[in-house]
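Trainee: Please show me the model, and then let us go through it by question and answer.

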Amino acid sequence: MINVHNLVKVFGVKRAVDGISFSVERGEVLGFLGPNGAGKSTSMRMITGFIPPTSGTATVGGFDVVEQGIEARRLIGYLPENAPAYTDMTVYGFLNFCAEIRGLRGDAKKKAVNRVVEMCFLESVIHQSVETLSKGYRHRTCFAQSIIHDPEVLILDEPTDGLDPNQKHEVRTLIRRMGEKKAIVFSTHILEEVDAVCSRAIIIDRGKIVANGTPAELRRKSDWAGAVTARFGNVSNGVVKQKLAQLPVAKKVVVLEEKPSTVTVRVYPKSPGAEVAWTIANLSHTEKWTLEELHTEEGRLDEVFRSITMPDTAANDKKSASSEEKTSD
Amino acid sequence: MNSWTNIKTITKRELGAYFSAPLAFVFIVIFLLLCGFFTFFVGGFFELRQASLVRPFFTWLPWFYLFLVPAVGMRLWAEERRVGTIELLLTMPITSWQAILGKFLASWLFLLLALVLTFPVVLTVNYLGRPDNGVIFCGYVGSWLLAGSYLAISCITSAMTRNQVVSFIISVVICLFLILAGFPPVIRFLQSWASPHVVDAIASISVITHFDGFQKGVLDSRDLIFFISVIVFSLFTTSVILRGHRAG
């Protein structure tokens, strides 16, 4: 449904978006991740036709967003950043206006407005002026506007920004449900959202796509992926560390916690897919250690995010982590 | 046909926006009070003992409009940009021309309403004497076109900034220039040192020069074309400015 090819936007001397390409099909929810100022909003504004690209093309449903802008925009529902809405109107008036400008009339308009009011839980504020709404309600009003014509493509710029946890949950559920039939792109910098909602995620940094894959694939890029955390009882730290480091599957062993009676260690695998947990379990059996806890880490998105978007800082973090390791010896 | 319905939808929304706030009523009341006061007291409507509205009524309109029209037009785009709704509006399946025209028409109709509400002076003059109602009608048409020109200029200044006050001030300055270029005292001053061609050229860009004809009941196509071209040119400039913002 959405095809973006080599999209570039230059503001003055700054390349806000620097040649990004991706595509989203119906039934996909694409998460757009990146630090602030990475070019997420600019990309979305180009796809929705608000700002023209410096070069490159974007098509929605086969329509070029510049050449056939009206046809393309008809297919798109868009929630801009900060969820703007006409403050001088009531919620009902605003939704009516949006339905009308989307070409809905009479019964169809009434039905569409009622549908989104129900979906976005706006019944209680429907005759209130937008100006007097709390942030959560205003956000949902603007969200309601974006789905009023039941669009095939949804572009949502930080749809959960400024909502309380319950509202966040509602919006995520809504996005996931709609994602079954639509092509959805949404930007966020909350990583848990990616797991909760996305079928695929793109990490964008300084205008470029630096990672593209399912949340699970991204997580596997983490150093943590496949690492095993184990807690042993009735054994001394030195012995555990020495024995574990000798295992052929272990790349590195870090002592996380050391109490008089227990030791918690994390073992990083040499290669992905190494059966670290199984090997440790065997070892503790032969050494007659008491194994109190054993689990495999899945890898953490926030760590992947940091190491990709801030390579220098992440490297420093690792250095300081390894120096801590030494002191714990 | 479809584009016309889009324009109508936007016009309807904008008109609604005017009347959702008390500002519209305040504006109309101030306008009518000014008109009444200047016509009957300053303009000397009764003392003139003429069944005409030219001297006591229409002469003042360019000056009232100088402040009132920019006040009406200042929020058109500045507010959209400040609140961010411009992003919503221009990503709807409409062209920016439809948005520009829809907004302009809404304000222009609002100004028409204010103008029509001055009908009591027409009734008064008809009650007291036998005026040429054709001339009066012509004066009204001219006034509306004049208001439209000022309004289109306010559209430009409103599109230039997020700040309504800045928009107001700049458009007042531009409109003042358009008045003064044809204001008799200024013309007399120019005649004292400039060649007649230069004076004519300067006077011909003034709204006063072209408004004069309408006041006298002369529907000159040149005056009509002048006002319409000011409006079209200003709205075109507005579209260029809006595109410029988006292109970054």
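**Confidence, shape and contacts**

Trainee: What should I know about numbering and thresholds?
Mentor: Residues are numbered from 1 along each chain as its sequence is written, while chains are lettered from A and ligands numbered from 1 in the order in which they are written. This is a predicted model, in which local features need pLDDT of at least 70, side-chain atom pairs count only at pLDDT 80 or more, and totals for chains, interfaces and linings use all residues.

Trainee: What pLDDT does chain A average?
Mentor: In chain A, 92% of the residues score at least 70. The average pLDDT of chain A is 83.

Trainee: What radius of gyration does chain A have?
Mentor: The radius is taken over C-alpha atoms, and the globule rule is 2.2 Å times the number of residues to the power 0.38. The C-alpha trace of chain A spans about 80 × 45 × 30 Å along its principal axes. A compact globule of 329 residues would be near 20 Å, but chain A has 25 Å.

Trainee: Which helix gives the largest share of the side of chain A that touches chain B?
Mentor: Here 22 residues of chain A are in contact with 21 residues of chain B. Helix H2 (69-75) and helix H3 (91-101) of chain A are the elements that give two or more residues to that side; helices (H or I, at least four residues) and strands (E, at least two) are DSSP runs, numbered from the N terminus. The largest share, four residues, comes from H3(A).

Trainee: How many residues of helix H1 of chain A are buried?
Mentor: A residue is buried if 20 or more other C-beta atoms lie within 10 Å of its own, exposed if 12 or fewer, and partly exposed in between, with C-beta atoms placed from the backbone. Helix H1 covers residues 40-47, and its buried residues include A:Lys40 and A:Arg45. The count is eight of eight.

Trainee: Why is A:Met310 partly exposed?
Mentor: A:Met310 is found in the loop between helix H11 (301-309) and helix H12 (311-328) of chain A. A:Met310 is partly exposed because its count of other C-beta atoms within 10 Å is 14.

Note on methods: Two residues are in contact if their C-beta atoms, placed from the backbone, lie within 7 Å. pLDDT is the predictor's confidence in each residue, from 0 to 100.
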